[in-house]
Amino acid sequence: LKPPSQLIRFRSGACGGQTPYNSTKPSMLNVHLVPHTHDDVGWLKTVDQYYYGGRNYIQHAGVQYILDSVVSELQKDPARRFIYVETAFFHRWWSEQSAKTRNIVTQLVQEGRLEFVNGGWCMSDEASTHYSAVIDQMTLGLRFLNDTFGECGRPRVAWHIDPFGHAREHASIFAQMGYDGFFFGRLDYQDKGRRMKMKEMEMVWRASESLKPPTADLFTGVLPNGYNPPAGFCWDQSCSDDPVQDDPELEDYNVDDLVNKFISISKAQADVYKTNHIIMTMGSDFQYENAIPWYKNMDKLIHYVNARQKNGSAVNVLYSTPSCYLQELNLAKQIWPIKTDDFFPYADDAHDFWTGYFTSRPALKRYERLSNSLLQTCNQLEVLGGSQSRDGPFGKGDSETMRRAMAVAQHHDAVSGTEKQHVANDYAKRLGIGWDHCQVLVSNSLAALSGSNVPRVFCENLNISVCPLTEGSKRFSMNVYNPLARPISWSVHLPVNGSSYSVQDSNGMVIPVSKATQNLRRGRGYAKNELVFQVQAPPLGFSTYSIILLGRAGAPDEPKRAAPVSMQNKVRPTTPALYHYLAYVMCNCNCNCACVHMCVCVCQNSVVQEVRQQFSPWVSQVVRLYEGSRELELEWTIGPVPVDDGLGKEVITRLDSSISSAEYFYTDSNGREVLQRRKDYRPTWDLKQTEPVAGNYYPMNSRAFIKDKGSQLTVVTDRSQGVSSLNNGSLEIMLHRRLLYDDYRGVGEPLSEPGEFGDGLVVRGRLLLTLTPPETAADAHRPLAQGMVLQPLLSFQDGTPSAIFSALQASLPPAVHLLTLSQWDKDSVLLRLEHQYESSESKTYSKPVTVNLQKMFSTLKVVGASEMSLGANQWKANMTRLQWNTGNDAHIYTCSSHTSSTSSVASPQLISLHYIVHLIRNRGTAMFSF
């Protein structure tokens with residue numbers, strides 16, 4: 001971590017230094033002009049196309065030219081300001097610059113004239129992202145800014161001007177990263193109307209029910225014009241507004257008219273905000289490619305508006321930045337309202353709810369989640385395998401390629417599914433390249449840890465029973481790497497062609513491949529059967545299973561056709577059914593659905609019971625119950641969704657139970673804390689419900705549930721999806737959607753994914769169901785959800801090499817989750833531990849836990865630990881945040897240092913145990929630095 005710069009940004013009434021243009025005046029209405037550009041890291045064009053300005057027939061946009069032009073214009077006047085957000089683009093631009101340009105930019109940053117806000121690799125989506133991936137992409141961007149510019153490059157303000165709704169967990173993350181405030185642009189139209197009347201466009205967001213205020217408190221402001229300039233004041237080359245024409249000899253002289261209009265707009269805006277400071281965003285999508293007209297006209301606007309002060313005007317205009325504006329709000333000493341829920345769902349009109357994207361592009365959403373799991377495994381094995389993991393017997397591997405691909409995938413037009421099809425393909429391609437790099441690293445690391453250099457195979461199509469090695473080998477081994485800090489048990493289905501196998505330390509049973517899977521493969525595999533067995537793996541380690549073919553004679557019993565059957569388990573029966581909405585229901589009032597008919601086949605043996613349901617040629621489901629399991633598994637397969645009838649369809653699964661849920665249901669926020677939902681209700685305002693289906697859908701990252709006094713039905717998902725409860729005792733989850741019409745929100749094409757074979761996307765996924773007493777439900781769904789996010793990585797080798805390994809001396813306590821273990825530099829690693837339970841959800845685990853870092857690892861010795869902020873860009877001891885008055889409580893956030901401490905205490909839902917850990921490697925009796 002770089003030491004703080006000696007040039008500290010000026011933070012008082014004059015933003016960025018005293019000049020005639022950016023001094024605020026206490027007795028006047030101060031209008032803060034914030035020049036900015038919003039540069040999507042992919043949307044209508046790919047990341048590369050946006051950066052270089054390619055394919056401008058799709059959209060005219062070239063980010064490299066924006067940065068070139070802005071830097072040039074900022075040098076012309078020290079009063080000018082600009083903010084930049086997307087570090088993915090800036091990092092690329094910076095790498096192409098000369099030493100002279102870098103020195104100029106560094107000076108601009110040190111003087112506060114160029115300010116970084118948000119600072120992540122991208123501006124992440126808030127509905128479809130998992131908190132671990134959000135933290136990773138923020139860390140990637142913040143580290144670059146810190147390494148490049150030091151303290152002056154550290155963002156103080158989070159800036160999410162375009163995401164389509166806002167998650168409480170994001171606010172909590174920003175607060176724990178040390179941000180002073182958060183600004184966004186999109187707010188439900190009903191909520192915005194009420195807030196404008198009540199002057200509550202700015203507030204303190206209390207973003208956690210478990211963390212003691214102000215740990216997760218974050219000042220939050222709603223921008224007045226989304227993120228656009230006020231009407232009539234866009235001076236980008238893409239706009240058609242009149243420039244400031246200030247020659248009195250001109251026929252089109254317009255200074256007086258423009259000044260009057262601007263003052264009128266400013267006063268109207270001030271009427272809905274609390275203080276004598278208001279903010280105006282001067283820019284929009286990919287603007288400032290030619291910064292000259294922007295700055296030339298803003299210079300004139302500032303001059304002529306402020307000149308009116310001599311005649312009694314009380315409006316003062318200045319160039320500013322979000323952090324300077326925030327500082328002025330803080331100095332105003334207002335009492336700010338508190339917000340405790342979130343900003344979902346988002347609607348921009350009575351029949352336009354942005355809730356369908358919670359499920360859009362379900363295959364990409366699943367690929368992103370699997371990629372996150374692989375990245376964490378890759379990070380861990382890079383640490384555990386040492387330098388050989390990056391350069392070993394299988395070549396050069398790295399985690400950085402996947403880290404950057406995953407960071408880009410968190411963008412609010414990436415995993416959200418709101419991009420064009422060719423852009424979605426590009427996101428998937430980037431992830432695929434990351435997989436290739438990580439698999440080399442993993443192979444090298446496992447070779448070092450296991451002592452076996454036999455080549456490894458990663459079968460990425462096991463979900464459709466395709467793996468050439470297992471299908472054709474008589475003797476092979478399977479390595480099971482567990483990225484969790486607790487031992488796991490996992491059910492494995494391997495495609496095989498034999499009828500009988502010996503599995504070391506497990507009872508393997510062979511069942512026939514389902515008809516649905518055979519149809520789904522389309523010639524990509526030839527396995528007739530699946531070998532099903534349970535595996536175990538130690539915490540942060542691996543086990544190895546030897547599988548030997550015993551015979552090919554005969555075949556497993558074919559599934560028997562049957563009526564719906566009862567499956568015996570500790571889970572009370574529920575009734576899962578699949579339906580589809582017969583229209584683009586997210587903007588249509590029709591809430592009727594049609595149930596599809598089904599036929600049923602049953603497979604039963606000592607390992608697993610399966611009920612295979614075929615609802616139609618394009619919809620099937622397998623209900624599984626494993627021996628000894630406490631949860632029920634639903635594996636659904638949907639597609640290609642037929643559209644020959646001219647109707648788009650959104651396919652849901654609905655779980656009906658006898659639970660008296662009374663119109664309440666619960667969803668997670670980015671995979672962490674849970675929020676209560678209620679049908680046709682918003683905690684913040686009196687809802688006028690205009691869409692009975694779309695208006696009741698919420699994002700589900702990892703779980704949702706309904707409950708009454710006696711029972712809780714919890715669903716754990718394998719990807720982000722939309723969920724609702726429209727009937728008492730019912731949960732419905734949207735699984736897939738295919739639409740035939742564009743929604744007129746900018747993409748310009750319908751969401752009709754062609755799939756690999758061009759006839760429509762086929763998707764397969766899993767849901768896990770538990771039915772427990774409410775007071776013990778979290779004890780089950782918390783580890784289940786973490787296990788779905790961080791799945792064991794399977795790799796295969798010919799022959800039967802055997803090895804077992806754990807990097808931990810013992811499992812971490814059940815309440816503690818190992819969030820991050822990644823190489824930071826040559827001699828240290830980044831370690832994040834989190835308490836995964838909320839403060840009151842578990843009688844057993846919602847308690848503080850102590851972890852001794854020195855006794856944590858088995859092959860590494862901790863010789864020191866320095867505690868960081870959650871973003872790992874500042875020392876925890878130095879982290880302070882602005883104080884905000886909410887009436888009964890006023891706080892300033894300070895933290896004591898844990899530097900050099902080797903033990904830590906985790907309180908419920910705390911993820912602020914972030915250490916740079918200094919290690920030496922210990923193998924047997926040898927100990928050496930790495």
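**Disulfides and a buried glycine**

The link of Cys 378 and Cys 438 is left-handed, with -105 degrees about the S-S bond. This pair connects distant parts of the chain, since Cys 378 lies in helix H11 (residues 362-385) and Cys 438 in helix H14, 60 residues apart. In this predicted model, the S to S distance of the Cys 378 to Cys 438 disulfide is 2.4 Å. Cys 378 is buried, because its relative accessible area of 0% is under 20%. Cys 438 is likewise buried, at 0% relative accessibility.

The whole structure contains 3 disulfides. Another of them joins Cys 234 to Cys 239, with an S to S distance of 1.9 Å. The link of Cys 234 and Cys 239 is right-handed, with 45 degrees about the S-S bond. Cys 234 is buried at 7% relative accessible area, whereas Cys 239 counts as partly exposed at 25%. A further disulfide is formed by Cys 459 and Cys 467, whose sulfur atoms are 1.9 Å apart. Cys 459 counts as buried at 13%, and Cys 467 is buried at 0%. When the bonded cysteines are numbered in sequence order, the pairing reads 1-2, 3-4, 5-6.

Cys 601 is buried, with a relative accessible area of 17%. Cys 603 takes part in no disulfide; the nearest cysteine sulfur, that of Cys 601, is 7.8 Å away. Cys 603 is buried at 6%.

Gly 417 is buried, with a relative accessible area of 6%. Beyond its neighbours within four places in sequence, Gly 417 is in contact with Ser 360, Arg 361, Lys 365 and Leu 751. The C-alpha atoms of Gly 417 and Arg 361 are separated by 5.1 Å, although the two residues are 56 residues apart along the chain.

Key
Residues numbered from 1 in each chain as written. Predicted model: local features only at pLDDT ≥ 70, side-chain atom pairs only at ≥ 80, totals over all residues. Heavy atoms only, no water. Buried < 20%, exposed > 50% of the residue type's maximum accessible area, 1.4 Å probe, protein only. Contact = heavy atoms within 4.5 Å. Disulfide = S-S within 2.5 Å. Helix = DSSP H or I, 4+ residues; strand = E, 2+ residues; numbered from the N terminus.
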